[in-house]
Amino acid sequence: MPVRHPPTKGHPLTTPRTIVITGASDGIGAAAARTLAQAGDQVVVVGRSAGKTRALAGDIGADHYLADFADLAQVRDLAEKLKANYPRIDVLANNAGGIMGKRTLTVDGNETTFQVNHLAPFLLTTLLMDTLTASDAKVINTSSAANNFGKLDLFDLNAEHGYSTNRAYGTGKLANILFTSELHRRFHDQGITTAAFHPGVVRTNFAAESGSPWRHAYTTLLNRFMLSPDQGADTMLWLINGTAGTDWISGAYYAKRALAKANAQAYDAGLARGLWEKSEELVKAFA
C-alpha cells in the first residue's frame, strides 16, 4: 500500500503547497507525486517521456511539463515556464537522473551522466532561485549510495580519463550531495532549506537502457528483493513533509529517514564550492 504522509506543519490543506517534481513520470517520482496530490498539494510533474508524464498528470490532476535533461535549452525553457506559471514554489524535488551506458556527450558538449544527474538540476535550481528564495522553499535532491564509488575531479568533469559507467553515475550522485551542501551554504540565510537522500534500491525500469551490469538486476528475478516505488519515495516524502531544523538538518545527506555516511569527498567544503563555480561556467558556456 502507498505510504501516507500528513501535510507539512504550517501548510494546511486549504493552502496547498506547490511542489515541482522532476523525473516524475515513473518510479519514486511518480509515487511521491501520487501521494502528495492525494494529500491536497498542487503537484507539478516534470518528465522526459511524453506518454508517461501526461498519463500520470491526468491520473492525479496535476500540471505537467516535458524536458529532456540531456539538452540544457530544454531545462532553460522549463525554468521560464515554471517561473511564469507559479509565483510560489514551496518544494523543488530534483529527482531526474539515471545511469548511462558508454561515454557520450550531450548537445551541450558535456558528458551525459554528469549533465543529466547534476548540471541540469543545478541549472534548473539556480534559474528558479528568485522564486525559491521568495517562497522559503525546500530543495530536495535525489542522490544514491552509489556516491560512494564516485570520484569527483574538478579538472575532468567530463570523464575524459578512466571512464566507467558505474563510476560516472557514482560521481553524479556525489555531485548531488556536494551541490546540496553548497546550496545550503549560499542560500540558507535567504530561506532555502535543502537535503539529499538515498531512496534505496527500488524496483523500477531504472538502468534498463544503460550498458551497466546493474540493468540485469532491474530486469530479472533479483528485482523481487528491491523496494517498491512507494517504499523508495518514503524518505523523499519525509523530507518534503518534515521541518528542517526539527526533523532534519539542512544541507545534509539522508537514507531511511536518518543521517547517512557519504563518500569522504562529500564533506570537502572547498570541493563543493569549486563544483558550484565550475558548474556555473559549464551551464553559461552554452546559454
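Rings of Phe, Tyr and Trp (its six-membered ring) pair if their centres lie within 6.5 Å; planes under 30 degrees apart count as stacked, over 60 as edge-to-face and the rest as tilted. This is a predicted model: local features need pLDDT of at least 70, side-chain atom pairs count only at pLDDT 80 or more, and totals for chains, interfaces and linings use all residues. Residues are numbered from 1 along each chain as its sequence is written, and side-chain values use heavy atoms, without hydrogens or water.

**View 1. Phe122, Phe179, Phe187 and Trp276 form one aromatic cluster.** The structure holds 6 aromatic pairs. Phe122 and Trp276 have ring centres 5.0 Å apart and planes at 80°, so they pair edge-to-face. Phe122 sits in helix H4 (residues 112-127) and Trp276 in helix H10 (residues 269-285), 154 residues apart. Helices (H or I, at least four residues) and strands (E, at least two) are DSSP runs, numbered from the N terminus. Both Phe122 and Trp276 are buried (under 20% relative accessible area, 1.4 Å probe, protein chains only; exposed is over 50%, partly exposed in between). Phe187 and Trp276 form a tilted pair, 6.1 Å centre to centre with 35° between the planes.

**View 2. Helix H6 spans residues 165-187.** Its 23 residues reach 33 Å from first C-alpha to last, close to the 33 Å expected at 1.5 Å a residue (1.5 Å times one less than the number of residues). Of the 23 residues of H6, 17 are buried, so H6 is largely enclosed by the rest of the structure.

**View 3. Strands S6 (residues 193-198) and S7 (residues 252-255) pair in the parallel sense over 4 bridges.** Strands pair if DSSP finds at least two bridges between them. Ala195 has Ala252 in S7 as its bridge partner.
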